[in-house]
Amino acid sequence: SPAEGSRAGWAWRQACSLARSGVRVRADGVGRYIARFMAHCQRVASLPAWAQPLTARNDPGPRRRGGSQVPPAFARSTSTAHQSALTMEQLGTVEIQPGGSTLGTFLDASGLDLSNPRVSERLVSQFHSSGGLLRVRNAKLTPEELVQFTARFGSVENNPGVPTQYLVPGVPEVQVIGNVRDRDGSLRAMFSKEAPLSDTGIQYDPERRTPVWHTDQLFRTPMPTGSVLYCVTSPPTGGDTCFADMSAAVESLPVEIQSILAKKQVLCSYAHHNAKIQKRTPSYPLLSPEQRAAHPALRRSIISVHPVTGKESLMCFNSSVCRVLDEDEEVTGEELDRYELEGEEDTSVGWLYEHLLPFATQPAFALRHSWQPGDLVVWDNRSTIHAATAFDSEKHEREMWRTTFIATES
């Protein structure tokens with residue numbers, strides 16, 4: 001076979017991978033097949049066929065821009081760094097290393113006053129410096145204290161559009177998530193039943209379309225900067241939340257792919273989000289013409305630059321995404337109507353979920369947080385994605401409090 005690092009070698013490995021997956025490729029026709037394959041990618045204005053080279057076991061390691069070899073972006077969640085919690089005393093002396101070997105910081109808050117400005121200032125700094133994920137154990141907060149803590153990260157939202165029965169009474173900034181009920185048996189929490197994980201674990205499985213990894217509300221301007229999730233009650237097993245570092249994923253992509261993605265945008269539409277849900281659930285309402293006009297579709301760069309850290313990250317995984325576009329590509333009114341009224345999705349979106357998302361959620365970039373009462377997690381919506389996992393909602397209760405914030409630097 002051709003040399004491992006050559007372009008011919010890449011084409012050969014691509015063809016062999018396709019052949020192993022069931023596509024018949026004659027050895028003497030590899031060059032012609034690859035040419036037709038790449039031409040097809042251009043025709044659908046989609047991403048190139050880089051999935052197999054990225055995920056192949058014998059693929060060269062990730063490279064920085066310029067081609068130098070780099071280690072994996074951060075360790076698996078089973079590493080010592082993820083299992084050992086930092087005390088506040090240790091946190092005060094830890095040397096912050098942007099883009100370090102782990103995603104986020106894990107802190108034991110026992111005996112700490114999280115309302116102390118010095119403590120919260122340090123936590124905000126550590127939050128940004130460790131990839132946009134802060135996990136705190138033994139926080140023990142009231143709803144009001146949760147709002148005050150969230151305000152250290154930005155302006156706290158009042159959950160517009162969320163039914164009042166899913167909000168903490170008297171504290172509209174706090175949304176209740178889970179399966180808990182009032183005394184009369186009515187659900188008092190926003191509940192979504194998740195599908196069990198496949199054999200791939202928390203890495204995205206394109207065939208089963210699980211877990212549902214996403215950035216929150218890409219269709220909004222400004223979109224939420226981040227969220228805080230606090231555990232009140234947790235089941236003995238399941239109900240975990242997964243997080244993945246989109247800055248590390250970008251950095252680990254081959255330079256050629258980074259260059260392609262840097263020129264791509266996604267079309268995000270709130271109306272498309274609702275129309276797509278209605279195709280599965282007919283009772284789900286479409287946006288009214290007035291609502292559609294008030295929330296027009298918008299374009300976002302697939303690779304964004306974080307306003308605080310200056311790091312690039314992927315920002316393209318959300319159910320509102322209906323098309324992948326070149327920077328100068330136009331969308332007609334007829335096409336937009338199909339996306340927003342009929343819930344159609346352009347074929348280019350499939351490439352994001354078939355290739356890019358499985359790469360970005362592989363174990364090197366992701367972790368799974370198992371909740372305990374008193375746990376508090378803050379994530380940055382601009383540099384991480386997240387996903388919920390299933391639990392036995394018939395046998396066990398789960399109650400989480402969630403706040404959302406918008407930072408001034410958004």
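**Entry 1: the whole chain**

I began with burial: 48% of the 410 residues of the protein chain count as buried, where buried means under 20% relative accessible area, exposed over 50% and partly exposed in between, with a 1.4 Å probe and protein chains only. I am looking at a predicted model, in which local features need pLDDT of at least 70 and side-chain atom pairs count only at pLDDT 80 or more, while totals for chains, interfaces and linings use all residues. Residues are numbered from 1 along each chain as its sequence is written, and side-chain values use heavy atoms, with hydrogens and water left out.

Next I looked up the surface. The protein chain has an accessible surface of about 20,000 Å², and 50% of it belongs to carbon and sulfur atoms; the areas come from the Shrake-Rupley method with a 1.4 Å probe, and for residues only the protein chains shown count as cover.

I found 13 helices and 16 strands in the protein chain. Helices (H or I, at least four residues) and strands (E, at least two) are DSSP runs, numbered from the N terminus.

How much of the contact in the protein chain with a separation of 6 or more comes from residues 24 or more positions apart? I read off 76%, with contact meaning heavy atoms within 4.5 Å.

**Entry 2: a sheet and a helix across it**

I then followed an open sheet of three strands, in the order β9-β8-β12 and with antiparallel pairing. Two strands pair if DSSP finds at least two bridges between them. At the edges I see β9 (298–301) and β12 (321–326), each pairing on one side only. From one strand to the next, the twist averages 30 degrees. A reminder to myself: strands of a sheet pair through backbone hydrogen bonds, either parallel or antiparallel.

Between β8 (residues 264–268) and β9 I noted four bridges. Leu-267 stands opposite Arg-299 in β9.

Helix α13 (residues 347–360) lies across β8 and β12, and runs at about 100 degrees to β12. Axes are lines fitted to C-alpha atoms, for helices over the stretch in contact, and angles run from 0 to 180 degrees between N-to-C directions.

**Entry 3: the nonpolar cores**

Which residues have the most contacts inside the largest nonpolar core? They are Trp-213, Ile-302, Leu-314, Phe-317 and Leu-352, in a core of 37 residues. Such a core is a set of buried Ala, Val, Leu, Ile, Met, Phe, Trp, Tyr and Cys residues joined through side-chain atoms within 4.5 Å. Among the elements that each supply at least two residues of this core are β8, β12 and α13. The largest share, seven residues, comes from α13. Another core, of 28 residues, lies apart from this one and includes Leu-114, Leu-146, Val-171 and Val-176.

Most residues other than glycine have a negative phi, and most peptide bonds are trans. I went looking for exceptions.

Asn-138 has a positive phi near 65 degrees, and Lys-140 has one of about 55 degrees. Are these residues buried or exposed? Asn-138 is partly exposed, because its relative accessible area is 25%. Lys-140 counts as exposed, because its relative accessibility is 60%.

I also found cis peptide bonds. One joins Thr-210 and Pro-211, with omega about -15 degrees, and another runs from Thr-221 to Pro-222, with omega near -10 degrees. Pro-211 is in the loop between β5 (171–178) and β6 (226–233), and Pro-222 is found in the loop between β5 and β6 as well.
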